Amino acid sequence: MANIKSQKKRALTNAKKQAANLGKKTAVKTSIKNVLKAVEAQDKDAAVVAVNKANAALDKAVTSHIKSKNYAARQKSRLAKAVNSIGE
């Protein structure tokens with residue numbers, strides 16, 4: 001732990017921010033898993049709703065610098081491909 005007062009405060013705010021970011025990361029992963037579950041169950045309607053929520057979660061993660069732009073684009077592409085494969 002730091003000795004300087006401002007650095008002690010900074011360590012506390014970093015810990016709070018880290019906890020908040022961890023929750024946001026988990027929400028993104030959960031939304032992706034929900035899409036994959038719906039695809040596995042061959043439920044097109046649920047999958048479309050889930051992929052829309054996942055896309056929104058990924059976009060929010062990019063704007064708050066939690067995930068990279070390329071990661072979000074790759075996941076969106078993967079999920080859209082999976083949803084489109086239903087019914088073939």
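Predicted model: local features only at pLDDT ≥ 70, side-chain atom pairs only at ≥ 80, totals over all residues.
Residues are numbered from 1 along each chain as its sequence is written, and side-chain values use heavy atoms, with hydrogens and water left out.

**View 1. The chain and its helices.** The chain holds three helices and zero strands, in the order α-α-α from the N terminus on. Helices (H or I, at least four residues) and strands (E, at least two) are DSSP runs, numbered from the N terminus. Along the principal axes, the C-alpha atoms fill a box of roughly 65 × 20 × 15 Å. The chain has a radius of gyration of 18 Å, whereas a compact globule of 88 residues would have one near 12 Å; the radius is taken over C-alpha atoms, and the globule rule is 2.2 Å times the number of residues to the power 0.38.

**View 2. Gln-75 in helix α3.** Gln-75 is found in helix α3, which covers residues 69–84. Is Gln-75 buried or exposed? Gln-75 is buried, because its relative accessible area is 8%, and buried means under 20%, exposed over 50% and partly exposed in between (1.4 Å probe, protein chains only). Of the 88 residues of the chain, 25% count as buried. When its neighbours within four places in sequence are left aside, Gln-75 is in contact (heavy atoms within 4.5 Å) with Ile-32 and Leu-58.

View 3. Side chains of opposite charge can pair when their charged atoms come close. A salt bridge is a side-chain nitrogen of Lys or Arg within 4 Å of a carboxyl oxygen of Asp or Glu, and by this rule the count comes to one. Asp-59 forms a salt bridge with Lys-76, and the closest N and O atoms are 2.5 Å apart. Asp-59 lies in helix α2 (residues 44–63) and Lys-76 in helix α3, so the pair ties together parts that are 17 residues apart in sequence. Asp-59 counts as partly exposed at 36% relative accessibility, and Lys-76 is also partly exposed, with a relative accessible area of 27%.
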